[in-house]
Amino acid sequence: MYFLRFEVSPSMLGKFRIVGDWVVGTKISKAEILDWLRQEDDRYLQDLWQKADAIRRENVGDAVHLRGLIEISNHCVRQCQYCGLRVDHRGLARYRMTEAEIMECVRQAVDYGYGTVVLQSGEDYGIRTEWMASVVRRIKAGTPLAVTLSLGERPDTDLIAWREAGADRYLLRFETSDLQLYEKIHPSLPGRCSDRIAILRRLAELGYEVGSGVMIGIPGQTYESLAHDIWLFEILYLDMIGVGPYIPHPRTPLGQAAIKLGAPQDKQVPNSELMTYKVVALARLACPGANIPSTTALATLNREEGRELGLVRGANVVMPNLTPLQYRLSYEIYPAKACIFETAADCDACIKRRIISLGRTVGSGRGDSPNRSRRIKRAERKLEDVVEDMPCLPCQPQL
Ligand code: SAM
Ligand code: SF4
């Protein structure tokens, strides 16, 4: 075992641990992350982009894995102050896809050569445990696809049932590690404490590949707390990291500025494109082996080249949208989302063309994370420190 040091700037030395051919852990401190987040000088930022791209290439290669996204329901019981699917957005036409509709999208994923389908929804208890398990079983029995679920904070019994049915991965962003801010923007359901970190630990125990991430530039998010988020990616040893800019939705309390959360101007993180690239790159430095998508939110901020810039600054995954067109507009997390009118065939062709134009290859197979087998022991050990750093929210008693 030995260490590499990259010349970045005097205060920004990253240490990378090498075992065999793999860079398996990054010792990037919170102070270093903070320096980068505040860095505005383009000359230094070029170093960050190059380091992130080199570490991406060394650890996960040039293949860009495609995950077919199916937004299976926009019903949600939650009141997230930032999201257009929140239960109080009464004007929104709600839908829940049938099993036949989902299987048609799955068939397209196979036809386009994707290795994974991602089934995402609001926290919708109309999605019954056994129904979801049977859909997962059907996909696993009939296709070679990996199945990723992103269905919110479902009870343990659901997570167990879906894992037993064959689900491979679960995505649940912790959104921000600032617990006071989190509580304000993501209120707990009555009688239930919203503890996404605990659910992420549980998902790892159950053998899922675990994905998480944050929104960038939520009002009230400081540079310090965003640095802590990125440091936490490394502690959790995530398999997948999804980060994207917060985009205000005018039909939400946060979008209407009905709740005031802004941090002092010099501390508030901007929800900008540049900040998003920095977080993608720093996520790659923190978790070299993780799968990191260049997200739709990034493509929404920069339609011409947002996805490409994400891919050359640390990302290695894209999630083409397979949701039937009649539902796309209703899955309106935030307005003016990119790729809302394109058919699945258009999305597929456009994304593959963009990947090839970068000199990268379209990934084949499932694109599993190399982190999973190493993560559990490591996370168990280091999470003890995090838990001390992050006191539990004052939970209401269980009903
Ligand atoms: N309901 C599940 C959950 O909350 O984990 C999955 C679906 S939810 C729509 C997926 C992600 O959308 C959230 O984790 C959040 O980060 C993101 N999101 C919601 N509202 C957003 C907004 N206004 N701007 C950017 N991202 C947003
Ligand atoms: Fe529901 Fe997820 Fe939106 Fe929150 S972020 S309102 S849980 S869909």
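**Ser225**

I looked up Ser225 and found it in helix α8, where helices (H or I, at least four residues) and strands (E, at least two) are DSSP runs numbered from the N terminus. The model is a predicted one, in which local features need pLDDT of at least 70 and side-chain atom pairs count only at pLDDT 80 or more, while totals for chains, interfaces and linings use all residues. Residues are numbered from 1 along each chain as its sequence is written, chains are lettered from A and ligands numbered from 1 in the order in which they are written, and side-chain values use heavy atoms, with hydrogens and water left out.

Is Ser225 buried or exposed? I noted a relative accessibility of 9%, so Ser225 counts as buried (under 20% relative accessible area, with exposed over 50% and partly exposed in between, for a 1.4 Å probe and protein chains only). Setting aside neighbours within four places in sequence, I found Ser225 in contact (heavy atoms within 4.5 Å) with Thr176, Ser177 and Asp178.

**Helices α8 and α9**

I then followed α8 (residues 223-236) to α9 (residues 273-286), and their axes come within 8 Å and cross at roughly 35 degrees; axes are lines fitted to C-alpha atoms, for helices over the stretch in contact, and angles run from 0 to 180 degrees between N-to-C directions. From α8, Tyr223, Leu226, Ile230, Phe233 and Glu234 meet Met275, Val279, Leu282, Ala283 and Ala286 of α9. I sorted the residues of this contact into nine nonpolar, no polar and one charged, where Ala, Val, Leu, Ile, Met, Phe, Trp, Tyr, Cys and Pro count as nonpolar, Asp, Glu, Lys and Arg as charged, and the others, Gly among them, as polar.

**Aromatic pairs**

I counted five aromatic pairs, taking rings of Phe, Tyr and Trp (its six-membered ring) whose centres lie within 6.5 Å, with planes under 30 degrees apart called stacked, over 60 edge-to-face and the rest tilted. One of them joins Trp49 and Tyr277, whose ring centres are 6.4 Å apart and whose planes stand at 80 degrees, so the pair is edge-to-face. Because Trp49 lies in helix α2 (residues 42-60) and Tyr277 in helix α9, this pair ties together parts that are 228 residues apart in sequence. Trp49 is buried at 6% relative accessible area, and Tyr277 is buried at 3%.
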